[in-house]
Amino acid sequence: RAVSQPLHRVSRALPELRQVHTPHSWFFEGLNAPWRQLGIALERRLARHTDLLLLISDAERQWTERLNLMPPEAVVVAPNGLPPSFFEQLEPRAVLRQRLKLPEDVCAIGVFARLVPKKGHNWLFEAIAAIPAATRAKLKFLCFGEGPLEEPLRQRLTAMGLDGCVELLGYMPRAEALLPAMDLGILPSFYEGLAYTLLETVGAGVPLIASDVPGNKPSVRGNPIIYVQPNAVAQLSDLIVALAQAPTERQRLGERGRAWVRQNFTQERQVATVLSAYRNLLNGQKR
C-alpha cells in the first residue's frame, strides 16, 4: 500500500488501471490506541482508491464490514489453500524423527512462526515454564523461524532455565515437510489473517493448539483446532500437558484435521476464486 498514492496518480492517466489490495491480516490489529485509530483511518483513505479488496479469511471480512471499509460487492474472500504437492512431500514420521534426533518417548511440539512480537513466543515460554519439571523433561519444543526477537528470546530461555527443553532452530527451508515428526503444534499468535502454518500443521495430521483470535478460527464446519485465549498462560500450560499425555486423542484430532484441510482448503479452490475475482474486475466498471 506504500505505492497506492503514486498508483492513484497513474490511474488518472490510465483509466483502465485497477487497484487490488490483499492485506494478509490487518496491520492495525497489532497497534494500540491511538495508533490503531490512525491505522484504520489510513486504510479508509486508501480504500477510496481500491477497486478490489481480496481477503484470505472471513476474519478479515468481518473487520472490513465492522469498519465499513469497502462496499460488499468490492470484497472477495479467497481462503488460503494447500497444493497436492504439500501432502506428497511429507516423509514418514520415523525418518523425520531420526533426522531431528527425537527419541520416540519424547513428545515433540512444533512452533512454526517468525520470531516477531505478534507470534506470541513470550507467553508460550511462560506456559512452558509453568509445566512441572518432571513432565517438562518428557517434552521437546522445536521453534522454526527467524526474526528480530531471536537473540532476546534466546536470552530469555536461558534466564528461565528452558534451554534443554526449547530449541530455536532458525530458518529452515521447507520446514513444513518436517511436520509429521511432531506430536503437537502450537500457534500462539496475537492476530492473523489465515496462516499457512495453521493449515499445514493440521493438514499434516498434527493436532494444533492455537490462540483464540479471529484469524485462527476458520468458519468451516468440523474445525478440529483446540483454542486458548491469548496470554492465558495457565490454560495453555494445562492443555499442553493434557495432550502430551493423550496419544489416542492426538491421533483422533490429527486424522480429523487432515481430512478437514483436504476437503476445505485446496489451492485449486483458492486460485479459482482469485482468477474469478480478477476477471470480474477487469470485465466490470471501476468504482
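User: Which helix gives the most to the lining of the largest pocket?

Analyst: Helix H9 (residues 196-203) does, with 4 residues. Helices here are DSSP runs of H or I with at least four residues, strands are runs of E with at least two, and both are numbered from the N terminus. The model is predicted, so local features need pLDDT of at least 70 and side-chain atom pairs count only at pLDDT 80 or more, while totals for chains, interfaces and linings use all residues. Residues are numbered from 1 along each chain as its sequence is written, and side-chain values use heavy atoms, with hydrogens and water left out.

User: What makes a space a pocket, and what makes a residue part of its lining?

Analyst: On a 1 Å grid over the protein atoms alone, a pocket is an open set of points with protein on both sides within 12 Å along at least five of seven lines; a cavity is a set where a 1.4 Å probe fits but cannot get out, and lining residues have an atom within 4 Å of a point. The largest pocket holds about 530 Å³ of space. It has 26 lining residues, and Phe 112, Ala 113, Arg 114, Lys 119 and Thr 197 are the closest to its centre. That volume is the space filled by probe spheres set on the points, which are joined across faces, edges and corners.

User: How many residues of each class line the largest pocket?

Analyst: There are 11 nonpolar, 7 polar and 8 charged residues. Ala, Val, Leu, Ile, Met, Phe, Trp, Tyr, Cys and Pro count as nonpolar, Asp, Glu, Lys and Arg as charged, and the others, Gly among them, as polar.

User: What lines the second largest pocket?

Analyst: Its lining has 18 residues, with Arg 93, Pro 180, Met 182, Gly 205 and Arg 258 nearest the centre. The space comes to about 270 Å³. Helix H11 (residues 247-264) gives the most to this lining, with 6 residues. By class there are 9 nonpolar, 3 polar and 6 charged residues.

User: Why is the pair of Trp 26 and Phe 28 called stacked?

Analyst: The structure holds 6 aromatic pairs. In this one the ring centres are 5.7 Å apart and the planes meet at 15°, so the pair is stacked. The cut-offs are centres within 6.5 Å for a pair of Phe, Tyr or Trp rings (the six-membered ring of Trp), then planes under 30 degrees apart for stacked, over 60 for edge-to-face and the rest for tilted.

User: Why is the pair of Phe 86 and Phe 87 called edge-to-face?

Analyst: Their ring centres are 5.1 Å apart and their planes stand at 80°, so the pair is edge-to-face.

User: How do you know whether Phe 86 and Phe 87 are buried or exposed?

Analyst: Phe 86 has a relative accessible area of 4% and Phe 87 has 16%. Buried means under 20%, exposed over 50% and partly exposed in between, with a 1.4 Å probe and protein chains only. Both residues are therefore buried. Trp 26, at 1%, is buried too, as is Phe 28, at 0%.

User: What makes Lys 217 a charge over a ring?

Analyst: Its charged end sits over the ring of Tyr 227, 5.2 Å from the centre. The test asks for NZ of Lys or CZ of Arg within 6 Å of the ring centre and within 35 degrees of the ring normal. Lys 217 is partly exposed, at 37% relative accessibility, and has its place in the loop between strand E8 (208-211) and strand E9. Lys 118 likewise lies over the face of Tyr 191, at 4.4 Å from the ring centre.

User: Which residues have the most contacts inside the largest nonpolar core?

Analyst: They are Phe 125, Phe 141, Val 166 and Ile 240, in a core of 31 residues. Helix H10 gives the most to this core, with 6 residues. A core is a set of buried Ala, Val, Leu, Ile, Met, Phe, Trp, Tyr and Cys residues joined through side-chain atoms within 4.5 Å.

User: What is the phi of Asn 68, and is the residue buried or exposed?

Analyst: Its phi is near 55°, a positive value in a residue other than glycine. At 62% relative accessible area, Asn 68 is exposed. Asn 231 also has a positive phi, of about 70°. Most residues other than glycine have a negative phi, and most peptide bonds are trans.

User: Which form does the peptide bond from Ala 33 to Pro 34 take, cis or trans?

Analyst: It is cis, with omega near 5°. Pro 34 lies in the loop between strand E1 (20-21) and helix H2 (35-47).
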